[in-house]
Amino acid sequence: MTDYNAIAEAYFAAWNETNAAARKALVEAVFTTGVSYRDPIMQGDGHAGIDALIAGVHGQFPGFRFKLKGKADGFGDNIRFSWGLGPDGAEAVIEGSDFATIKDGRLGLITGFLDKVPG
């Protein structure tokens, strides 16, 4: 049985990691080699592409953290979850939902939707 919450929490651990070496190890553990990420603002492919996206978010929003909203759910090799991004300990200023495929416990194709973005 797939633990969708554990997969989502591992995803956010990678996105929240600011140390480049530690993040590289998390990216390799969480995402398939051929991972592809797309949302309305950014896109990245492969481990290097995902790492660059994460580094870019940290550069644009220093001190912000991703948090799972509610619980992740899914069926088979598909997962969906909602998230918030904001300063640690404060209300999220950006919110979204991601849908992804899972292969061997790792995320492959990820499509992100932005549900709340500041004006």
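## Helices α1 and α2

Helices α1 and α2 cross in a left-handed manner; a crossing is called left-handed if the near helix is turned anticlockwise from the far one by less than a right angle, and right-handed if clockwise. Helices (H or I, at least four residues) and strands (E, at least two) are DSSP runs, numbered from the N terminus. This is a predicted model, in which local features need pLDDT of at least 70 and side-chain atom pairs count only at pLDDT 80 or more, while totals for chains, interfaces and linings use all residues. Residues are numbered from 1 along each chain as its sequence is written, and side-chain values use heavy atoms, with hydrogens and water left out.

Two packed helices are described by the angle between their axes and the distance between the axes. For α1 and α2, the axes come within 8 Å and cross at roughly 150°. The axes are lines fitted to C-alpha atoms, for helices over the stretch in contact, and angles run from 0 to 180 degrees between N-to-C directions. The two helices are therefore roughly antiparallel to each other. In this scheme, angles under 35 degrees count as roughly parallel, over 145 as roughly antiparallel, 65 to 115 as roughly perpendicular and the rest as oblique.

From α1, the residues Ala10, Tyr11, Ala13 and Ala14 meet Arg23, Leu26 and Val30 of α2, where contact means heavy atoms within 4.5 Å. By class, this contact of α1 with α2 has six nonpolar residues, no polar residues and one charged residue. Here Ala, Val, Leu, Ile, Met, Phe, Trp, Tyr, Cys and Pro count as nonpolar, Asp, Glu, Lys and Arg as charged, and the others, Gly among them, as polar. Ala13, which is found in helix α1, counts as partly exposed because its relative accessibility is 34%. Buried means under 20% relative accessible area, exposed over 50%, and partly exposed in between (1.4 Å probe, protein chains only). Ala13 and Leu26 are 13 residues apart along the chain, and their C-alpha atoms are separated by 7.5 Å.

## Helix α3 and its partners

Helix α2 (residues 20-30) and helix α3 (residues 46-60) have axes that come within 10 Å and cross at roughly 130°. These two helices are therefore oblique to each other, and their crossing is right-handed. On the α2 side, Arg23, Lys24, Val27 and Glu28 meet His47, Ile50, Asp51, Ile54, Ala55 and His58 of α3. Sorted by class, the contact of α2 with α3 has four nonpolar, two polar and four charged residues.

Helix α1 (residues 4-16) also packs with α3, at an angle of about 60° and with the axes 9 Å apart. Helices α1 and α3 are therefore oblique to each other. Ala14, Trp15 and Asn16 of α1 make this contact with Leu53, Ile54, Val57 and His58 of α3. The residues of the contact of α1 with α3 divide into five nonpolar, two polar and no charged.

Not counting residues up to four places away in sequence, Arg23 touches Ala14, Glu17, Thr18, Asp51, Ile54, Ala55 and His58.

His47 is found in helix α3. A polar atom of the His47 side chain lies 2.8 Å from the backbone oxygen of Phe31. With neighbours within four places in sequence left aside, His47 is in contact with Val27, Glu28, Phe31, Thr32, Thr33, Val35 and Arg106.

## Arg38 in strand β1

Arg38 is found in strand β1 (residues 31-38) and counts as partly exposed because its relative accessibility is 29%. Leaving aside neighbours within four places in sequence, Arg38 is in contact with Gln43, Gly44, Asp45, Ile110, Thr111 and Gly112.

The side chains of Arg38 and Asp45 are joined by a polar contact of 3.1 Å. A polar contact is a pair of N or O atoms within 3.5 Å; within protein, one must be able to donate a hydrogen and the other to accept it, and residues adjacent in sequence count only if both atoms are side-chain atoms. The Arg38 side chain also reaches the backbone oxygen of Gly44, at 3.4 Å.

## Asp104 in a loop

Most residues other than glycine have a negative phi. Asp104 has a positive phi of about 55° although it is not a glycine. Asp104 has its place in the loop between β5 (94-103) and β6 (106-116), and it is exposed, with a relative accessible area of 74%.
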